Protein chains: 2
Amino acid sequence: MSSSANPAATDRKRGSGVRMVYELLRDQILDLELPPGAIVDENQLAERFGMSRTPIREALVRLAAEGLIDTLPNRSTMVSNIDFPNLHTFFDALTLMYRVTTRLAAEYHQPEDLVAIRQYQKAYELAVKDGDEIGLVAANREFHYAIAEAGRNRYYLALFGRLLDEGRRILRLYYYGSGTGDYPQIWFDEHEAIVAAVAARDIEAADRIARQHANQIVSQIQAAITRDRRQDIDI
Amino acid sequence: MSSSANPAATDRKRGSGVRMVYELLRDQILDLELPPGAIVDENQLAERFGMSRTPIREALVRLAAEGLIDTLPNRSTMVSNIDFPNLHTFFDALTLMYRVTTRLAAEYHQPEDLVAIRQYQKAYELAVKDGDEIGLVAANREFHYAIAEAGRNRYYLALFGRLLDEGRRILRLYYYGSGTGDYPQIWFDEHEAIVAAVAARDIEAADRIARQHANQIVSQIQAAITRDRRQDIDI
DNA sequence: TGTATTTTATTTGTCGACAAGAAAAATGCG
DNA sequence: CGCATTTTTCTTGTCGACAAATAAAATACA
């Protein structure tokens, strides 16, 4: 029965419905539970969450504004595709934001920022030890986002957040189960170097390490992509 | 009568209501017709446009996603304030995007891009001659946005668009009627140099001129701000 | 008169229903 | 059997109404 698969139909606070739907759909999209091209049906969601279509629609508008879904006028709305032909533009922007936010963090960070940053670095370390790839990606994201927050530039923060989200999709598509090797450990060491440079307020060192770290990540992803593509062709 | 002040209540196409409201509100906010802090009333808008609150609400969600309005839960929604204490973060991001997009334009532009860019530069020239400050700002925006489009990086384009919008508000707040001098002409000349560098695919020259142009604009705005602030203090 | 408390009023958030638009299915025709 | 046309079906976009939440007003009380 659908009633057993309908745990969210209980009474909820007044304004929380939209955020609930928004966050769940967002996570499902970024984790590729809803893959690119998947149809997002309003009625279905409304029934699933036990609410009217109005709050569903509002959540969808927010997702569309962030580019996570595309809505065809008068027709279905679907999860947006990953723009493979222009993936290099993603790498370009990601690298620049890594560098800029780390620079600014070295310049403007406050003591409490370092606490948060080290906390996420600790979470990353634990994920590496446990071989928890999902937690690893999440902690990596939070680590860099915390650094960007320490840089205190909301414009960079907004773009960087979008880039990290998109990166989460790409990573989930190409990275898992493709022989990660010991790169997580390399990334951990680079993270340590970043924290040290930020804490020492050494802007140039922060920039240099951030750039190196970005190159490391990008080339990792690119290697995974070519590996995957070659498998496609060989068949 | 309100009926005479209700010209939009005619029959319109099905999906166009939201975009209409969105674009009008957006323009009104960026032109400071709706100043920061102004209350945006759903019922009022619904009556004014002769439509239900539902499409109004959808437009407001989009505007909120772009940071142009802030919605207090269960309470009014208002035009977002300009973050003066952190204006330097705006200048920082604007300068970086000027540089990056111009660099990429020099690298990746196609012939048709140059046509569009020169067209907006022509519009800018006409606005300077006519002393049309509003058209001048608009043409300046379109000019740089066209350059960014030629750079073909949608992530930079999105951030740059937001920055140019915010800049439009700031310019309108401080710039007009404060003794513009002959800076429009200086900017025109710099634009010419940018076009030349882009057309010649000289990346380093494009970067250098874009940076210089950004510094020019930023210092102009800062000068206008301090001028304005001093007047405030003198009273 | 000043303050705490109740009442009213206004605005938002949500709902169910209906109409418009477009794809899919069914029908007609060569 | 293949193609054009009509009908059906399904999804979206919009509407008017109602309930929850909050601010403002009115009232009670010291």
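This is a predicted model: local features need pLDDT of at least 70, side-chain atom pairs count only at pLDDT 80 or more; totals for chains, interfaces and linings use all residues.
1. A:Ile209 is buried, because 23 other C-beta atoms lie within 10 Å, and the cut-off for that class is 20 or more. A:Ile209 belongs to helix 9 of chain A, which runs over residues 203-234.

2. The surroundings of A:Ile209 can be listed residue by residue. With neighbours within four places in sequence left aside, A:Ile209 is in contact with A:Glu190, A:Ala193, A:Ile194 and A:Ala197. For one of these pairs there is also a C-alpha separation: A:Ile209 and A:Ala197 are 12 residues apart along the chain, and their C-alpha atoms are separated by 8.3 Å.

3. Chain A as a whole has nine helices and three strands. Along the sequence, these elements follow the pattern α-β-α-α-β-β-α-α-α-α-α-α. Of the 235 residues in chain A, 31% are buried; A:Ile209 is one of the buried residues. Taking contacts in chain A between residues at least 6 apart in sequence, 72% join residues at least 24 apart.

4. Chain A is divided into two domains: residues 16-79 form domain 1, and residues 84-234 form domain 2. A distance of 27 Å separates the C-alpha centres of domain 1 and domain 2 of chain A. Contact between them involves four residues of domain 1 of chain A and six residues of domain 2 of chain A. On the domain 1 side of that contact in chain A, two residues are nonpolar, two are charged and none is polar.

5. The strands of chain A make an open sheet of three, in the order 1-3-2, with antiparallel pairing. Strand 1 (39-40) and strand 2 (69-71) of chain A are the edge strands; each has a single partner strand, so one side of each has no neighbour in the sheet. Strand 1 of chain A pairs with strand 3 (residues 77-79) of chain A in the antiparallel sense, over two bridges. A:Ile39 has A:Met78, in strand 3 of chain A, as its bridge partner.

6. Chain B also has an open sheet of three strands, with the order 1-3-2 and antiparallel pairing. Its edges are strand 1 (39-40) and strand 2 (69-71) of chain B, each with a single partner strand, so one side of each is left without a neighbour in the sheet. In chain B, two antiparallel bridges link strand 1 and strand 3 (residues 77-79). B:Val40 stands opposite B:Thr77 in strand 3 of chain B.

7. How are the two chains related? A rotation of 180 degrees, with 0.0 Å of shift along its axis, superposes chain A on chain B with an RMSD of 0.1 Å. The two copies are therefore related as by a two-fold rotation axis. The same surface serves both copies, as 100% of the contact residues of chain A recur in chain B.

8. The contact between the chains takes 22 residues from chain A and 22 residues from chain B. On the chain A side, helix 3, helix 4 (87-108) and helix 7 (154-174) each supply at least two residues. Helix 4 of chain A gives the largest share of that side, six residues. By class, the side of chain A that touches chain B has 11 nonpolar, four polar and seven charged residues.

9. Which residues come nearest to DNA strand C? Helix 1 (16-30) and helix 3 (53-65) of chain A, together with helix 2 (42-49) of chain B, are the elements that give two or more residues to the surface near DNA strand C. That surface divides into four nonpolar, 10 polar and seven charged residues.

10. DNA strand D is surrounded by 21 residues, the closest being A:Glu42, B:Gly17, B:Met51, B:Ser52 and B:Thr54. At least two residues of the surface near DNA strand D come from each of helix 2 (42-49) of chain A and helix 1 (16-30) and helix 3 (53-65) of chain B. The surface near DNA strand D has four nonpolar, 10 polar and seven charged residues.

Technical notes
Residues are numbered from 1 along each chain as its sequence is written. Chains are lettered from A and ligands numbered from 1 in the order in which they are written. Domain bounds come from an automatic or database domain assignment. Two residues are in contact if their C-beta atoms, placed from the backbone, lie within 7 Å. Ala, Val, Leu, Ile, Met, Phe, Trp, Tyr, Cys and Pro count as nonpolar, Asp, Glu, Lys and Arg as charged, and the others, Gly among them, as polar. Helices (H or I, at least four residues) and strands (E, at least two) are DSSP runs, numbered from the N terminus. A residue is near a molecule or strand if its C-beta atom, placed from the backbone, lies within 6 Å of it. A residue is buried if 20 or more other C-beta atoms lie within 10 Å of its own, exposed if 12 or fewer, and partly exposed in between; C-beta atoms are placed from the backbone. Copies are superposed by least squares on the C-alpha atoms of residues with pLDDT of at least 70 in both. Two strands pair if DSSP finds at least two bridges between them.
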